[in-house]
Each structure stands twice: as structure tokens, then as C-alpha cells.
Amino acid sequence: RAQWTRSGVEAIAWFEAGPVALVLLDLGLPDLDGLEVARHLHQADPTVPVMMLTARVDEADIVVGLDAGAVDYITKPFRLPELLARIRAQLRRMDGVPADSWTAADLCVDAGARRAWIGEEEVDLRFKEFDLLARLIADAGNAVTRKTLMADVWGHHWEGSTKTLDFHIATLRAKIDPPGGPSRITTLRGVGYRLEP
């Protein structure tokens, strides 16, 4: 269950009452500096991941934030799907599952090694096919918009046609879908796609 607090003092009190799985900490707090709160939380229990959320984008600020005990530093503006994916990655790491490894049914993706398997058989994917699959499986079961997929896989400055997304979805389906069975990737018309878990 998520708990939201309005100030650093409340956050520290809530943290100390525990148990806490993960902390998403905005540095712009009304009473304490977020870095001070992060240091306190890290000292109290260094095993609990603290993810910082802030508008401070200078490299020096990021270094200070990570040195204060943060495991991730997310700058504003950010996309909600990316934030949720990062939170899930931290929670998976705590469960002993590599943050760059995902599984959906018999489909497994190792982003670090850039390899994918269906059962025991490795799937041969092109570069963008792999990036697209990794992005979808990181949010398995959730809708991922076309805009998000284009930005995350092709970059924010992509000026080509979005039809390239449809083409790569089609070629990806041909490689990962069971013969004669339903597709692992559902088209959400007017929205985007969802990889079925």
C-alpha cells in the first residue's frame, strides 16, 4: 500500500514506523531539504531503495543525490510509464531478480545481454525489435502508448513515420507469437500496444 506524506518530517516518521519497501522522494519539500531526508533514511536503513524525483538537473546535483543514498535520480519532466517501470525494476532487484531481466509466461528478456528466449529457444531479434520487446515486457500487462514507444525506442527527435512502429510490431509478432495462437502483443486502437503477461 502506497503512503503519501506532505513533508520531510512526516516522511521520516513514517519511514521509522516501517516496514517500507521503497521511497519515492521529491527534493522540493516545504520543511526539510530532500537531500537531508535522503541521508537520514539511508542511515536509518540502507537496504530500502530511495528514488529521487526532482527538477534539479545539473550533474553536480545528481552526484550529490546519489552520494546521499539514492539508487535512482529522476528529473522532471518525466513520463509516468518510465517512472513506474523504474519503480518496478527496483522492487525486482530487491526480490533478487535482475532489474534488466523480465519474464512474461514463457518469454524471457535479458536487456543487459540483449537476448530473448521463448522457453529454452533463443529468439533472433533485430536491434529495434529487441528494444521494442524490452520496452513492452518491462510494462507487461499495461498499455504502452504509441508516443511512449516511439520516444523510448526511436528517440524524442525521431522525424520519420510512425508506421515504422507498426512494421516492427508486425515483424516482432512473427518471431514471438505461437503458430496459430493468439498474439502476445495486443493492439489497443487509438492508444498503443500491450504485451500480455
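Student: Over how many bridges do strand β5 and strand β6 pair?

Tutor: This is a predicted model, in which local features need pLDDT of at least 70, side-chain atom pairs count only at pLDDT 80 or more, and totals for chains, interfaces and linings use all residues. Residues are numbered from 1 along each chain as its sequence is written, and side-chain values use heavy atoms, with hydrogens and water left out. Strands are DSSP runs of E with at least two residues, helices are runs of H or I with at least four, and both are numbered from the N terminus; two strands pair if DSSP finds at least two bridges between them. By that rule β5 (residues 107-110) and β6 (residues 115-118) are an antiparallel pair, and the number of bridges is four.

Student: Which residue in the turn between β6 and β7 has a positive phi?

Tutor: Strand β7 (residues 121-123) runs antiparallel to β6 and is joined to it by three bridges, with Ile 118 standing as the bridge partner of Glu 121. The hairpin leaves two residues between the strands, and the one with a positive phi, of about 65°, is Gly 119.

Student: In what order do the three strands of the open sheet lie?

Tutor: The edge strands, each pairing on one side only, are β8 (144-145) and β9 (185-188). β8 pairs with β10 (residues 192-195) over two bridges, and the antiparallel order is β8-β10-β9.

Student: What angle does helix α5 make with β10?

Tutor: Helix α5 (residues 127-138) packs on the sheet, touching β8, β9 and β10, where contact means heavy atoms within 4.5 Å. Axes are lines fitted to C-alpha atoms, for helices over the stretch in contact, and angles between N-to-C directions run from 0 to 180 degrees; here the angle is about 70°.
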